[in-house]
Amino acid sequence: MLKGNKGKIIIASLFALGCILILLASFQGKSKKESTYEEYVSTLEEKLEDFLKGVEGIKEVDVIIMLDEYEVKGESSSVFSSNDTNQTTIPKIRGVAVAVSNGDSYTVQANVSAVVCSYLGISSNKVKIVATK
């Protein structure tokens, strides 16, 4: 067998290589659909935050969009099409949480609600607005 420091170096190198391979595999574990889905939500949130920061009375804002998804058989132009099966995943907005400076002001709440509802095409009962600290 291996003797001395040379053996220990080889074993340590193999162990390190194994750890690196495990880490790389975990980063690549996300499917393309999950990545696209997360990018879609992130893009919506960022655009909405950027727009709301320009509304009078708002200095800081954070937006979280919660989505549900359901699959539809057949072809569609949705961003979540699957080439393997003839199914398309269509995102449906479950709700939106908005933390905003001056969120305790009725005028700010009304403006934020109107912007979120029109931008995302959802009803106001799916929007919750809270004041930041």
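Predicted model: local features only at pLDDT ≥ 70, side-chain atom pairs only at ≥ 80, totals over all residues.
**Exercise 1. Give the order of the secondary-structure elements and the share of buried residues.**

Solution. Step one: the protein chain has three helices and three strands. These are DSSP runs numbered from the N terminus (helices: H or I, at least four residues; strands: E, at least two). Step two: from the N terminus on, the order is α-α-β-β-α-β. Step three: of the 133 residues in the protein chain, 28% are buried (buried is under 20% relative accessible area, exposed over 50%, partly exposed in between; 1.4 Å probe, protein chains only).

**Exercise 2. Find the elements that build the largest nonpolar core, then follow leucine 52 and α3.**

Solution. A nonpolar core is a set of buried Ala, Val, Leu, Ile, Met, Phe, Trp, Tyr and Cys residues joined through side-chain atoms within 4.5 Å. Step one: the largest such core holds 24 residues, and those with the most contacts inside it are Leu52, Ile65, Val96, Val98, Val112, Val116 and Leu120. Step two: two or more residues each come from α2 (32-52), β1 (61-73), β2, α3 and β3 (127-131). The most come from α3, with six residues. Step three: beyond its neighbours within four places in sequence, leucine 52 is in contact (heavy atoms within 4.5 Å) with Ile58, Val61, Val63, Val98, Val112, Val115 and Val116. Step four: the buried residues of α3 are Val108, Val112, Ser113, Val115, Val116, Cys117 and Leu120. After α3 comes glycine 121, with a positive phi near 65°.

**Exercise 3. Locate the salt bridge and describe its two partners.**

Solution. A salt bridge is a side-chain nitrogen of Lys or Arg within 4 Å of a carboxyl oxygen of Asp or Glu. Step one: the count by this rule is one. Step two: the pair is aspartate 68 and arginine 94, at 3.3 Å, N to O. Step three: aspartate 68 is in strand β1 and arginine 94 in strand β2, so the pair ties together parts 26 residues apart in sequence. Step four: aspartate 68 is partly exposed at 35% relative accessibility, and arginine 94 is partly exposed at 48%.

**Exercise 4. Describe the surroundings of lysine 126.**

Solution. Step one: lysine 126 sits in the loop between α3 and β3 and is partly exposed, with a relative accessible area of 28%. Step two: leaving aside neighbours within four places in sequence, lysine 126 is in contact with Lys92, Ile93, Arg94, Gly95 and Val96. Step three: valine 96 is 30 residues from lysine 126 in sequence, yet their C-alpha atoms are 6.2 Å apart. Step four: a polar atom of the lysine 126 side chain lies 3.2 Å from the backbone oxygen of isoleucine 93.

Conventions. Residues numbered from 1 in each chain as written. Heavy atoms only, no water. Polar contact = N/O pair within 3.5 Å; in protein donor to acceptor, adjacent residues only side chain to side chain.
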